[in-house]
Amino acid sequence: MKKSLVEAFNIERKPSKATYVSDYEIFPDKKLLDDLRTKIVENLIDKEIPEDKLLNQFINDEIDRTIEGYDLSNLERSHLYNLIDNEINGYGPLTELLEDKNITEIMVNSPKEIYIEIDGQLIKDESVSFINDEHIIRTIERMIGPMGRTIDATNPMVDSRLKDGSRINAVIPPLSTKGPVITIRKFRGEMTKADDMIRIGSMTPYMATFLEAAVKGKCNIIVCGGTGSGKTTLLNILSGFIPDDERIITIEDAAELKLEKEHVISLETRVTNYDNEGEITIRDLVINALRMRPDRIIVGEVRGKEAFDMLQAMNTGHEGSLTTLHANGPKDALNRLETMVLMSGLDIPIRAIREYIASAIDLVVNIERMSDGKRKITAISELEKFEEGELELRDIFAFRQKGLTPNGEVDGEYILYDKQLPKVYKKISTRGITDIDFMFHQK
């Protein structure tokens, strides 16, 4: 039975081995490259693959037919083949960008406007391009298809993940007036342990020891920070401190957490179908998780009504829960949490909400992407008390920036406030954990 190239696209294949090199280095005539690539791709899309031909041979033959009459060198022809190979075995022009471990984010604004992030700095990448808007949309469909997601005029926005855990967000017209837009935040597989963050200066050994004790001591922790600050990476690392004999339920919009634990159940939300039915929200999953006998509940990110259910879980025997939320600092995180609880529609006085937060949350960990592109934990704070209707935070650790070095790097120091015993010390020590005793001067 014959199959089309579109069907062949869905076959599981090995990643492309094409060399990441600028088009301009091989093809000085960029227009010729675009014309040939367009002809080859359009020819291949609608053709059927003969049963007696291997896919690679079929592609080779189509390239030979298309470039007949053109005076191309072997190097130019090889580069052209690699580009087409990426269309089939990889993710088109983005294949090598996704394979490059130095690149942390990829942003496609238009066919010829692609930005990448390296070491926290945004760079316009002139080495790759798409043919047109339809080429971008085809690439999006290939990326999100294996995850059961779709994108079209009736569903013009998608938030999904790739098989390696990288997160992809795509928006197409009519929502995007400029054309299809892709944003990919790559999964950093090498950043899985606290030692990795210590090595790059994101936190100190003392901070790592304290956070490990807090997780093992079943403190309820919120990780906050801005977009791209490293909240999910830090949440992954904190999750690694959970004892192996505990049952963990993770809840996310797009499953990004990679927990190296045996007893983990991962739940993922579901968007509506074409009949606007079947949506499963974070809140639905949090409520359901309470019936699954969890020792720990980890919510990838709270951003709405589910905040109340998360707090309720923390207050009703599910200690040691972890979550993230967007905020500019620990105080702002509590204010946002309060606002999200109000979004649940329950008729609860502000004071009661704040009391509920005070009894549920133990620690707020703030992580920031600094001006030099590096990520740092800038505060580990505890909810010290609820007094006169206000929530009071106290820093246990903090990073204080002094300025910038001559080469533009952030200059500062980490501070441990060791003169006062943290309130969470009692909760941690009652579980037999004494790892942090040496840090604080007890009176």
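Thr269 touches Arg149, Glu252, Asp253, Ile280, Thr281, Ile282 and Leu285, leaving out residues up to four places away in sequence; contact means heavy atoms within 4.5 Å. Thr269 sits in the loop between S11 and H11. With a relative accessible area of 10%, Thr269 is buried. Buried means under 20% relative accessible area, exposed over 50%, and partly exposed in between (1.4 Å probe, protein chains only).

This is a predicted model, in which local features need pLDDT of at least 70, side-chain atom pairs count only at pLDDT 80 or more, and totals for chains, interfaces and linings use all residues. Residues are numbered from 1 along each chain as its sequence is written, and side-chain values use heavy atoms, with hydrogens and water left out.

**Overall picture**

- The protein has 15 helices and 17 strands. Helices (H or I, at least four residues) and strands (E, at least two) are DSSP runs, numbered from the N terminus.
- Of its 443 residues, 51% count as buried.
- The accessible surface comes to about 21,300 Å², and 49% of that belongs to carbon and sulfur atoms. Areas come from the Shrake-Rupley method with a 1.4 Å probe; for residues, only the protein chains shown count as cover.
- Among contacts between residues at least 6 apart in sequence, 57% join residues at least 24 apart.

**Confidence**

- The mean pLDDT is 84, and 88% of residues reach 70 or more. pLDDT is the predictor's confidence in each residue, from 0 to 100.
- Over residues 1-21 the pLDDT is below 50. Beyond near neighbours in sequence, this stretch has 52 contacts in the model.
- Where pLDDT is low, the predicted coordinates should not be read in detail.

**Helix H11**

- H11 spans residues 282-289, and its buried residues are Ile282, Leu285, Val286 and Ala289.
- Seen down the axis of H11, these residues fall within an arc of 100°, so they line one face of the helix. The arc is that of the directions from the helix axis to the C-beta atoms.
- An α-helix has 3.6 residues a turn, so residues three or four places apart point the same way.
- The cover over the buried residues of H11 includes strands S10 (248-252), S11 (264-268) and S12 (296-299), and helix H12 (306-315).

**Aromatic pairs**

- A search of the whole structure finds 5 aromatic pairs. Rings of Phe, Tyr and Trp (its six-membered ring) pair if their centres lie within 6.5 Å; planes under 30 degrees apart count as stacked, over 60 as edge-to-face and the rest as tilted.
- The rings of Tyr206 and Phe438 have centres 5.2 Å apart and planes at 85°, so this pair is edge-to-face.
- Tyr206 is in helix H9 (residues 205-216) and Phe438 in the segment after helix H15 (424-429), 232 residues apart.
- Tyr206 counts as partly exposed, at 40% relative accessibility.
- The rings of Phe210 and Phe440 have centres 6.5 Å apart and planes at 70°, so that pair is edge-to-face too.
- Phe210 lies in H9 and Phe440 in the segment after H15, so the pair ties together parts 230 residues apart in sequence.
- Both Phe210 and Phe440 are buried. Together with Phe397, they form one aromatic cluster.

**Nonpolar cores**

- The largest nonpolar core has 38 residues. Such a core is a set of buried Ala, Val, Leu, Ile, Met, Phe, Trp, Tyr and Cys residues joined through side-chain atoms within 4.5 Å.
- Phe210, Ile221, Leu238 and Ile377 have the most contacts inside this core.
- H9 gives the largest share of this core, 7 residues.
- Another core lies apart from it, with 33 residues, among them Ile282, Ile357, Ile361 and Leu383.

**Val424**

- Val424 is in helix H15. At 4% relative accessibility, Val424 counts as buried.
- Leaving aside neighbours within four places in sequence, Val424 contacts Phe210, Cys219, Asp362, Leu363 and Glu382.
- Val424 and Glu384 are 40 residues apart along the chain, and their C-alpha atoms are separated by 8.8 Å.

**Backbone details**

- Most residues other than glycine have a negative phi, and most peptide bonds are trans.
- The peptide bond from Pro173 to Pro174 is cis, with omega near 10°. Pro174 is in the loop between strands S7 (167-171) and S8 (181-185).
- Lys218 is not a glycine, yet has a positive phi of about 60°. Lys218 is in the loop between H9 and S9, and counts as buried at 17% relative accessibility.
- Arg293, also not a glycine, has a positive phi of about 55°. Arg293 is in the loop between H11 and S12, and counts as exposed at 56% relative accessibility.
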